[in-house]
Amino acid sequence: MKQALIILNPSSGKEKARTYGEQASRLLEDIGYTVAVKETQKEFDATSFCIEACEKKIDLVVSLGGDGTLHETINGMIDQTYRPKLAVIPLGTVNDFARALHIPLQPEKAIDMLRSTTTRRADIGRINDQLFINVVAAGQLATSLSEVPSEDKSKLGFFAYVKEGIKTFAGDASCTMSVEYDEQTWEGRALLFIAALTNSVGGFEQLAPSAEIDDGYLHCFIIQDTNLLNTAAVGTSLLAGTLEHSKYVHAFKAKRVHVSAESELTTNVDGESGMSLPVTIELVPSYIDVLVPLNK
Ligand SMILES: Nc1ncnc2c1ncn2[C@@H]1O[C@H](COP(=O)(O)OP(=O)(O)OP(=O)(O)O)[C@@H](O)[C@H]1O
């Protein structure tokens, strides 16, 4: 009999996570799975549960929570030769990974998708010894993004990030960065470095409109130090989905990038505060098999 593990964060999904967990569990049993449900209680529980699922060669792991739970779940697959199929029931406020894969954002519809037998092989990112599912950002602006309160994210989505960013611009927000990729080096003063796997970052789907979760590239942007007026122009390009053509932005695609800075800087990884620079970011192609709706 096929085995499924549901990793459930009871604190996500406005107190309804357990109800969704029961629905998902019933549906999986109906289609022939033996199901175990494990609730997370703290940071990294989802990672330990997923490591165990890889070791026991479970067929399907379901991540029921927000992008934080998904990020931790996927980190259980790092360096594993056997990786279960992954299903995502998005209960967070942003749900970038689900957006990128056209997984329904309504939990009931996403649960229904568990019947699907279609999967898509998704790329994943690696930053030093961690995996990421969506984005790495570095720069003073990224540091301030880590401080955006969750309620702001849910109410305002991407614009909460911009609002926090503008506050940062009031001070001296740029720093000298060095970005090495594909035998090239970019050096200069930058406000922000971004490496994205998908088109959807912070719930905003226009960052890199052409990026696909399985295109084999990190989509990178260096927002160069500009005056406030030019920064506003960068903001306009961002909203229009034309960031890569802005003259204040150095945009490139790469498979491996090394980022360092003269001053102490912390990265933002999948929306949460991450490790300090320097970092090496790599694209790990076709790493996870994700359940997607039929015909997508
Ligand atoms: N039982 C728990 N109570 C509180 N926090 C938990 C619990 N279990 C896990 N966590 C932590 O909650 C963090 C956030 O979870 P998650 O992203 O899934 O939900 P969310 O905050 O609703 O989503 P979003 O960040 O998209 O708004 C996880 O990174 C995890 O470390």
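**Loops, strands and an enclosed helix in a predicted model**

Glu264 lies in the loop between strand E12, which covers residues 256-261, and strand E13, which covers residues 266-269.

The protein chain as a whole contains 9 helices and 15 strands. Of its 296 residues, 46% are buried. Among the contacts in the protein chain that have a separation of 6 or more, 73% are accounted for by residues 24 or more positions apart.

Helix H3, formed by residues 67-75, is largely enclosed by the rest of the structure, because 9 of its 9 residues are buried. The buried residues are Asp67, Gly68, Thr69, Leu70, His71, Glu72, Thr73, Ile74 and Asn75. The description of a helix pair rests on two quantities, namely the angle between the axes and the distance between the axes. For helix H2, residues 45-55, and H3, the packing angle is about 40 degrees and the axes are 7 Å apart. This angle makes H2 oblique to H3, and the crossing of the two helices is right-handed. On the side of H2 the contact is made by Ala46, Thr47 and Cys50, and on the side of H3 by Thr69, Glu72, Thr73 and Asn75. When the residues of this contact are divided by class, 2 are nonpolar, 4 are polar and 1 is charged.

The ligand is surrounded by 18 residues, of which the closest are Gly65, Gly66, Gly68, Thr69 and Gly92. H3 gives the most to this shell, contributing 4 residues. The shell around the ligand comprises 2 nonpolar, 12 polar and 4 charged residues.

Most residues other than glycine have a negative phi, and most peptide bonds are trans. Asp79, which is found in the loop between H3 and strand E4, residues 85-90, has a phi near 60 degrees, a positive value in a residue other than glycine. Asp79 counts as exposed, because 8 C-beta neighbours lie inside 10 Å. A positive phi, again near 60 degrees, is found for Glu183, likewise a residue other than glycine. Glu183 belongs to the loop between strand E8, residues 175-181, and strand E9, residues 184-196, and is exposed, since 5 other C-beta atoms are within 10 Å. The peptide bond from Leu277 to Pro278 is cis, with omega near 5 degrees, and Pro278 is found in the loop between strand E14, residues 272-276, and strand E15, residues 279-291.

Two residues within strands illustrate contacts between separate parts of the sequence. Trp186 lies in strand E9 and counts as partly exposed, because 18 C-beta neighbours are found inside 10 Å. Neighbours within four places in sequence being left aside, Trp186 is in contact with Val179, Ile222 and His250. Trp186 and Phe252, which are 66 residues apart in sequence, are 11 Å apart in space from C-alpha to C-alpha.

Val284 is found in strand E15 and counts as partly exposed, because 16 C-beta neighbours lie inside 10 Å. Leaving aside neighbours within four places in sequence, the residues in contact with Val284 are Asp123, Ile124, Gly125 and Arg126. The C-alpha atoms of Val284 and Arg256 are separated by 9.5 Å, while the two residues are 28 residues apart along the chain.

Notes:
Residues are numbered from 1 along each chain as its sequence is written. This is a predicted model: local features need pLDDT of at least 70, side-chain atom pairs count only at pLDDT 80 or more; totals for chains, interfaces and linings use all residues. A residue is buried if 20 or more other C-beta atoms lie within 10 Å of its own, exposed if 12 or fewer, and partly exposed in between; C-beta atoms are placed from the backbone. Axes are lines fitted to C-alpha atoms, for helices over the stretch in contact, and angles run from 0 to 180 degrees between N-to-C directions. Angles under 35 degrees count as roughly parallel, over 145 as roughly antiparallel, 65 to 115 as roughly perpendicular and the rest as oblique. A crossing is left-handed if the near helix is turned anticlockwise from the far one by less than a right angle, and right-handed if clockwise. Two residues are in contact if their C-beta atoms, placed from the backbone, lie within 7 Å. Ala, Val, Leu, Ile, Met, Phe, Trp, Tyr, Cys and Pro count as nonpolar, Asp, Glu, Lys and Arg as charged, and the others, Gly among them, as polar. A residue is near a molecule or strand if its C-beta atom, placed from the backbone, lies within 6 Å of it.
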